[in-house]
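Hi,

Here is the structure I promised to pass on. Have a look at it first, then read my notes below.

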Amino acid sequence: MSTRIAFLKGHGTENDFVIVPDPENAIDLPPTAVAALCDRRAGIGGDGLLHVVRSAAHPEAKDMAAEAEWFMDYRNGDGSVAEMCGNGVRVFARYIQQAGLVTEGDLAVATRGGVKRVHLDKEGDVTVGMGRARLPEGDVTVSVGERSWPARNVNMGNPHAVAFVADLAHAGDLLAPPPFSPASAYPDGVNVEFVVDRGPRHVALRVHERGSGETRSCGTGACAVAVAAARRDGADPAATGVPATYVVDVPGGRLVITERPDGEIEMKGPAVIVATGEIDREWLETVAR
């Protein structure tokens with residue numbers, strides 16, 4: 001057995017990931033190993049980990065193998081499993097392209113949030129079909145210190161609470177998850193977006209990602225914010241038949257989100273592979289204990 005494991009490092013609007021290619025699902029990656037790899041001081045460093053596996057080789061993705069050859073086994077930076085990661089899908093697709101497994105054009109990627117349709121543009125951007133948003137009923141409130149705001153509950157395959165604020169600084173340091181109520185709204189925790197307006201159909205956000213802390217970008221969060229902003233602004237493409245497009249600025253760059261009349265949401269943005277290297281297998285096995 002090789003004493004080295006190949007990895008890559010990539011980011012989408014500075015939401016960064018450790019990428020571990022493992023087509024046959026042969027590498028054991030328990031939560032402790034993932035957290036160690038994502039550690040920015042003692043490991044490689046990343047907001048999360050993209051485990052690249054053939055769908056047919058992973059028990060959670062076998063049923064999607066006929067539709068999507070590759071499965072994005074995504075993990076948060078703390079090692080916990082996540083349903084989806086929008087920026088991660090773009091970086092995952094960029095890796096698949098760079099590895100010579102696909103060329104420019106369309107690609108299907110299996111995720112725990114379902115099969116996502118991806119388009120690799122000639123210009124370099126990656127567009128991901130993010131599926132439809134669900135808008136659960138019920139009032140939600142998020143808080144930071146003595147401030148609190150009503151939040152829109154948006155589910156993009158993973159849960160989000162979107163709060164419109166006067167100043168992004170009001171989100172505080174976002175080192176800890178912002179408190180929310182009622183607890184029953186998000187039994188497994190939630191991604192919290194704080195949003196300000198920049199202009200017509202142009203917003204900016206800061207986000208605390210469940211299991212990762214504040215990140216430079218969140219793709220599903222940007223989609224949730226665009227949907228919440230559209231409803232706040234009285235725009236519902238399903239009712240009007242007119243797509244709604246929002247520019248969403250994140251600390252790490254810019255994403256363009258379009259909600260179509262059929263409910264499908266498309267996210268367009270960059271994805272970059274910045275480095276390749278090798279993980280010492282003995283070290284990984286040691287930290288995984």
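First, some ground rules. This is a predicted model, so local features need pLDDT of at least 70 and side-chain atom pairs count only at pLDDT 80 or more, while totals for chains, interfaces and linings use all residues. Residues are numbered from 1 along each chain as its sequence is written, and side-chain values use heavy atoms, with hydrogens and water left out.

Let's start with the rings. How many aromatic pairs does the structure hold? There are three. Rings of Phe, Tyr and Trp (its six-membered ring) pair if their centres lie within 6.5 Å; planes under 30 degrees apart count as stacked, over 60 as edge-to-face and the rest as tilted. One of the pairs is F17 with Y74, which is edge-to-face, at 5.9 Å centre to centre and 75 degrees between the planes. F17 belongs to strand β2 (residues 15-21) and Y74 to strand β4 (residues 70-76), so this pair ties together parts that are 57 residues apart in sequence. Strands (E, at least two residues) and helices (H or I, at least four) are DSSP runs, numbered from the N terminus.

F17 and Y74 are both buried. Buried means under 20% relative accessible area, exposed means over 50%, and partly exposed is in between (1.4 Å probe, protein chains only).

Another pair is F180 with Y186: the ring centres are 5.2 Å apart and the planes are at 85 degrees, so this one is edge-to-face. Here F180 is partly exposed, with a relative accessible area of 25%, whereas Y186 is buried at 3%.

Next, the charge. Which residue has its charged end over the ring of F164? That's R232, 4.4 Å from the ring centre. To count, NZ of Lys or CZ of Arg has to be within 6 Å of the ring centre and within 35 degrees of the ring normal.

Now the backbone. S181 and P182 are joined by a cis peptide bond, with omega about -5 degrees. You'll find P182 in the loop between β11 (180-181) and β12 (191-199).

L174 isn't a glycine, yet its phi is positive, about 55 degrees. It sits in the loop between β10 (159-164) and β11, and L174 is buried, at 3% relative accessibility. R201 also has a positive phi, near 50 degrees, without being a glycine. Look for R201 in the loop between β12 and β13 (202-209); it is partly exposed, at 37% relative accessibility.
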